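Please find below my notes on the model you sent for comment. They are arranged as numbered points, to be read with the structure open beside them.

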Amino acid sequence: MKSFILMSVVLGAAGMLAGCASVKTADFDDIKCYTLKNKAGTTIKITNYGATVTSIVTADRTGTMADIALGYNDVSGYMNAVDKPYFGAIVGRYGNRIAKGKFSIDGEEYELATNNGENHLHGGVIGFDKVVWDAEIVEKNAVKFSYLAKDGEEGYPGNLQMAVTYTLTEENELRIDYLATTDKKTPVNLTNHTYFNLKGEGEGTILDHELMINASGMTPVDSGLIPTGKIAPVKGTPFDFTTAKAIGRDIATKNQQLKNGLGYDHNWVLNKGGKAGQMTLAATVYEPTSGRFMEVFTEEPGIQFYCGNFLGGNLKGKAGKTYVHRGGFCLETQHYPDSPNQPAFPSTILVPDDEYKTSTMYKFSIK
Ligand code: BGC
């Protein structure tokens, strides 16, 4: 068994190596960590294991820096994650769930790995979060990760060639550009699975964060979190985030959908989403004590808001602090769950000669 220290690569303005967590691994010798840093001092670390964002350090309103992304110090944390939180990773080939791991294209049925009860979640047993991507520095503060998912991997048809480029701008935006092509028709739904806590990772729950989701509808789910196929209006329900409110405000309300999700773990249908080539505002989050504010822009038609219901207090974060129940939230820009089995939902089938091309941006500021 060999183990070694993760090689760090610093991009951007910084002269100093920002000390990418030392990562020891017995299995891979090509895992690297890239540090993006802009003039404001925002520092983002990304590893090619799962094309995973491992750290996002931003200033609060007093100028104090904190890491607002949940994660591990060591790549073995990502590899062995028992409770499978998918911290910071690119998930796919199909982010979110596919009912019973089955779908058909042109009359041919495909069977995927089932890894979430009877359903398929986030690409299966070895999804894109658990593979080593090739990495290439493409410009100042931009790193491109590429991966070829082979025909048949986790049951999916087609060789899928992907590129995911992370860029940190001087406007304090983390931009994620996704690109993929295939040689057979296949479902594709990529997203990033960063958990945020705008107070800082390990600093308690996110229930007091104020969330706005630019969506008047959501896709109701059954108890296995599979959409029923309907789009339900959020008005008058705990799912109405059209005006910013604390995440915890209505979370304890008696509501069958909240029961099914064990809290918020649902897909919202974005009012302005789904425009190819045009990112629109999907969500904002404000944390009152630190003043940190985050905006999410996307071309995707939906967003999964997941409030860390499965974080259970048994996991210690990068600074050694426990990640409590609801100690982080994800805003996963995406197509709706189980779209391959839902003809009324926007299609997720990529065809040869076409391109999967979509962008999402997280913008950090203070108020
Ligand atoms: C899903 C949750 C799941 C979490 C971690 C989220 O995207 O919606 O149900 O527990 O990922 O796997």
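This is a predicted model: local features need pLDDT of at least 70, side-chain atom pairs count only at pLDDT 80 or more; totals for chains, interfaces and linings use all residues.

**Notes on the model**

1. G236 is exposed, with a relative accessibility of 80% (exposed means over 50% relative accessible area, buried under 20%, partly exposed in between, with a 1.4 Å probe and protein chains only). This glycine, G236, belongs to the loop between β19 (232-233) and β20 (245-246), where helices (H or I, at least four residues) and strands (E, at least two) are DSSP runs numbered from the N terminus. Between the C-alpha atoms of G236 and A282, 46 residues apart in sequence, the distance is 20 Å.

2. Residues are numbered from 1 along each chain as its sequence is written, and side-chain values use heavy atoms, with hydrogens and water left out.

3. On the chain as a whole, two helices and 29 strands are assigned. The radius of gyration is 19 Å, close to the 21 Å that the globule rule gives for 367 residues, so the protein chain is as compact as a globular protein of that length; the radius is taken over C-alpha atoms, and the rule is 2.2 Å times the number of residues to the power 0.38. The C-alpha trace spans about 55 × 45 × 40 Å along its principal axes, and 58% of the 367 residues count as buried.

4. Among contacts (heavy atoms within 4.5 Å) between residues at least 6 apart in sequence, 66% join residues at least 24 apart. The protein chain exposes about 14400 Å², of which carbon and sulfur atoms supply 52%; the areas come from the Shrake-Rupley method with a 1.4 Å probe, and for residues only the protein chains shown count as cover.

5. Which residues does the UniProt annotation "active site" cover? The unreviewed entry gives H193 and E332, in the numbering used here and with feature names shortened, and such annotations may be inferred rather than shown by experiment. They span 140 residues in sequence, yet no two of their C-alpha atoms are more than 6.1 Å apart, so they gather at one spot. The lining of the largest pocket includes both H193 and E332. Here a 1 Å grid is laid over the protein atoms alone, a pocket is an open set of points where a 1.4 Å probe fits, with protein on both sides within 12 Å along at least five of seven lines, and lining residues have an atom within 4 Å of a point.

6. H193 sits in the loop between β16 (191-192) and β17 (210-213) and is buried, at 3% relative accessible area. Apart from residues up to four places away in sequence, H193 touches P85, Y86, F87, G88, A89, V91, H122, C330 and E332. A polar atom of the H193 side chain lies 3.4 Å from the backbone oxygen of P85, and the H193 side chain also reaches the backbone oxygen of Y86 at 3.4 Å.

7. E332 lies in strand β27 (residues 330-334) and is buried, with 2% relative accessibility. The side chains of E332 and H193 form a polar contact at 3.5 Å; the term denotes a pair of N or O atoms within 3.5 Å, where within protein one must be able to donate a hydrogen and the other to accept it, and residues adjacent in sequence count only if both atoms are side-chain atoms. Beyond its neighbours within four places in sequence, E332 has contacts that include H122, G302 and Y306.

8. The unreviewed UniProt entry also places a "binding site" feature at N96, R97, H193, T194, Y195 and D265, and of these residues the lining of the largest pocket includes N96, R97, H193, Y195 and D265. T194 is in the loop between β16 and β17 and is buried at 3% relative accessible area, and its side chain makes a polar contact of 2.6 Å with the side chain of N192.

9. Is Y264 buried or exposed? At 0% relative accessibility, Y264 counts as buried, and its place is in the loop between α2 (256-261) and β21 (265-269). Among the contacts of Y264, leaving aside neighbours within four places in sequence, are P238, F239, L258, F305 and Y306.
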